Amino acid sequence: MKVACTGASGFLGPGLVQGLLNAGHTVHVLSRNVEQALGRLPAGVTGSFFDGQTPLSPDALAGAEAVVHLAGEPVDQRWTHDAKQRIHQSRVEGTRVVVEAMKQAGTVRHFVCASAVGYYGGARGDQPLTEDDAPGDDFLAHVCQGWEAQAARAAEAGLRTVRLRIGVVLHPAGGVLHRMLPVFRMGAGGRVGNGHQYVSWVHREDLFALMRFALEHPTLEGAVNATSPEPVTNATFAHALGMALGRPAVLQVPGFVLKARFGEMARVALEGQRVLPRRALEAGFQFRHPALDEALRDLLPHAGP
């Protein structure tokens, strides 16, 4: 089928597009800079302008049977007043714009919209969280609730809608792992804060596979946690990464250091959530990399002293 994708030039976009092409789909990207986006993607991909604010012409979705919506302002930055506005605007308003265009286009039947495990809020301790658990009450939780509320408008209009609550995506080319690797390779890595907070992670290839699974399985809809079935504590994560690199990981980053650098956003790293992908597993999705040690070996095959 023809799949339209936003966020195709980001950390997740190119790999998702390639996977869709490999599965036999055709891809049309929606991007602020179409020429730049297409320059990073395989031949045959087409594109239209999308900035998350300007109304999107239904023509941009002509013939598209599905939409995967990933675009939005990065969350991993200091949450100044302006940054909070950008994050909220891009995630909530951007989703509204996409949903309106899908409704007008008349051809879209499947909608996969990114959300985040931040939906559950921080300070949940070791409580296992599934898709039925209540949302949190902090900034990121409120953003995710507004984000998902806009996506739910697509479901109300009769489109099969999957809201993927994505955890910490692991790949050395970007995201958290990319930022951690230099520090850990120097032997200066370790747990953050007390290390008891959970990290709900997912191998990037498993996330791509789950996105395709969500597109192709007509019985799956609603909220779906996009995380490994084996979340770990931050201390366990740090130890596993140190072992994968053959480096010690015994240092500690005090919470006040993160708070001084990132302000309110530091809560994401210091609190965490223990999120389980119940609905994906019940629907028959199989993770290729459910365990952290094996996932890191796959991602860092040439690591070591």
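Counting rings of Phe, Tyr and Trp (its six-membered ring) as paired if their centres lie within 6.5 Å, with planes under 30 degrees apart stacked, over 60 edge-to-face and the rest tilted, the count comes to 4 aromatic pairs. The model is predicted, so local features need pLDDT of at least 70 and side-chain atom pairs pLDDT 80 or more, while totals for chains, interfaces and linings use all residues. Residues are numbered from 1 along each chain as its sequence is written, and side-chain values use heavy atoms, without hydrogens and water.

| Pair | Centre to centre | Angle between planes | Arrangement |
|---|---|---|---|
| Tyr-119 and Tyr-120 | 5.3 Å | 85° | edge-to-face |
| Phe-213 and Phe-285 | 5.4 Å | 70° | edge-to-face |

Phe-213 lies in helix 6 (residues 204–216) and Phe-285 in the loop between helix 10 (278–282) and helix 11 (292–299), so their pair ties together parts that are 72 residues apart in sequence; helices here are DSSP runs (H or I, at least four residues) numbered from the N terminus. Together with Phe-287, Phe-213 and Phe-285 form one aromatic cluster. Buried means under 20% relative accessible area, with a 1.4 Å probe and protein chains only, and Phe-285 is buried at 7%, as is Tyr-120 at 0%.

A charge sits over a ring if NZ of Lys or CZ of Arg is within 6 Å of the ring centre and within 35 degrees of the ring normal; Arg-165 lies over the face of Tyr-119 at 3.6 Å from the ring centre, and the charged end of Lys-84 sits over the ring of Phe-139, 5.0 Å from its centre.

Note on methods:
Buried means under 20% relative accessible area, exposed over 50%, partly exposed in between (1.4 Å probe, protein chains only). Helices (H or I, at least four residues) and strands (E, at least two) are DSSP runs, numbered from the N terminus.
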